[in-house]
Amino acid sequence: MFVYWGKYMQAKQVETKLNQALIDMLVSSGEQLTDSVSASIVDRGRDVIPDLIAIMIDDELAMSDAPGNGSVPIHAVSLLQRLNAVEAAEPMFQVLSRCDMMDVLYSTLISALESFGAPIIEIALNAYAIAEDSDQRCAIASVLAGIHIRDPRIFSILLHVLQEEVESGACDLGEYGDPAALP
């Protein structure tokens, strides 16, 4: 499989071959990522980030009948968050666009993306601009609200989501915390 990972991969084509040893470690952790597995992977440093991204974007590993019962991509996202892998934001948004909001992977992605903070604002704004439906826009708006950075572009998006999806938009504006949203 060939994938472009935007600026992270400097727009060069990269073959993504899944690291089976890493997958086996994540599977061995079970449904909850254990501290020992997490520490042993994080100790590898930033070199493991491309492998974790490849695992995260693999749809087959997210299936409930996959090794680890679908928890392997969730663990990969958690580890990318621990590594503060801002370069994983673009593929995270791509995976988020395919997730159902009831999936554990969905909430894990939202949390990880929010934790990256200001460095992902432009990536999030670009993801919002190309979002294909209301669910995708709501997910991205949730991330933007959770970053807690005041930006008129974010505020405008949150107001737009409020018009599309009142409940989600109201929650996001509350999370964002800007008093300008009160009227």
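# Close-up views of a predicted model

**View 1. Helix H4 is largely enclosed by the rest of the structure, because 9 of its 12 residues are buried.** Buried means under 20% relative accessible area, exposed over 50%, and partly exposed in between, with a 1.4 Å probe and protein chains only. Helices are DSSP runs of H or I with at least four residues, strands are runs of E with at least two, and both are numbered from the N terminus. This is a predicted model, in which local features need pLDDT of at least 70, side-chain atom pairs count only at pLDDT 80 or more, and totals for chains, interfaces and linings use all residues. Residues are numbered from 1 along each chain as its sequence is written, and side-chain values use heavy atoms, with hydrogens and water left out. The buried residues of H4 are Ser71, Val72, Pro73, Ile74, His75, Ala76, Val77, Leu79 and Leu80. They pack against helices H1 (20-28), H2 (35-42), H3 (49-57), H5 (89-96) and H6 (104-116).

**View 2. Ser38 is a residue of helix H2.** Its relative accessibility is 5%, so Ser38 counts as buried. Apart from neighbours within four places in sequence, Ser38 is in contact (heavy atoms within 4.5 Å) with Leu33, Leu79 and Arg82.

**View 3. Met56 and Met92 have the most contacts inside the largest nonpolar core, a set of 59 residues.** Such a core is a set of buried Ala, Val, Leu, Ile, Met, Phe, Trp, Tyr and Cys residues joined through side-chain atoms within 4.5 Å. Helix H8 (residues 134-147) gives the most to this core, with 8 residues. With neighbours within four places in sequence set aside, Met92 touches Met56, Val77, Leu80, Leu109, Ala112, Leu113 and Phe116. In soluble globular proteins, nonpolar side chains tend to be buried together.

View 4. A disulfide is a pair of cysteine sulfur atoms within 2.5 Å. For Cys99, the nearest cysteine sulfur is that of Cys138, 15 Å away. The sulfur of Cys138 is 10 Å from the closest cysteine sulfur, in Cys171, and therefore too far for a bond. Cys99 is buried, with a relative accessible area of 17%. Cys138 also counts as buried, at 7% relative accessibility.

**View 5. Asn84 and His148 have a positive phi, and neither is a glycine.** Most residues other than glycine have a negative phi, and most peptide bonds are trans. Asn84, with a phi of about 50°, lies in the loop between H4 and H5. His148, with a phi near 65°, is in the loop between H8 and helix H9 (152-164). Asn84 is partly exposed at 41% relative accessibility, and His148 is partly exposed at 41%.

**View 6. Asp103 lies in the loop between H5 and H6.** Asp103 is partly exposed, with a relative accessible area of 35%. Ala62 is 41 residues from Asp103 in sequence, and their C-alpha atoms are 10.0 Å apart.

**View 7. Arg150 lies over the face of Tyr176.** The distance to the ring centre is 4.8 Å. A charge sits over a ring if NZ of Lys or CZ of Arg is within 6 Å of the ring centre and within 35 degrees of the ring normal.
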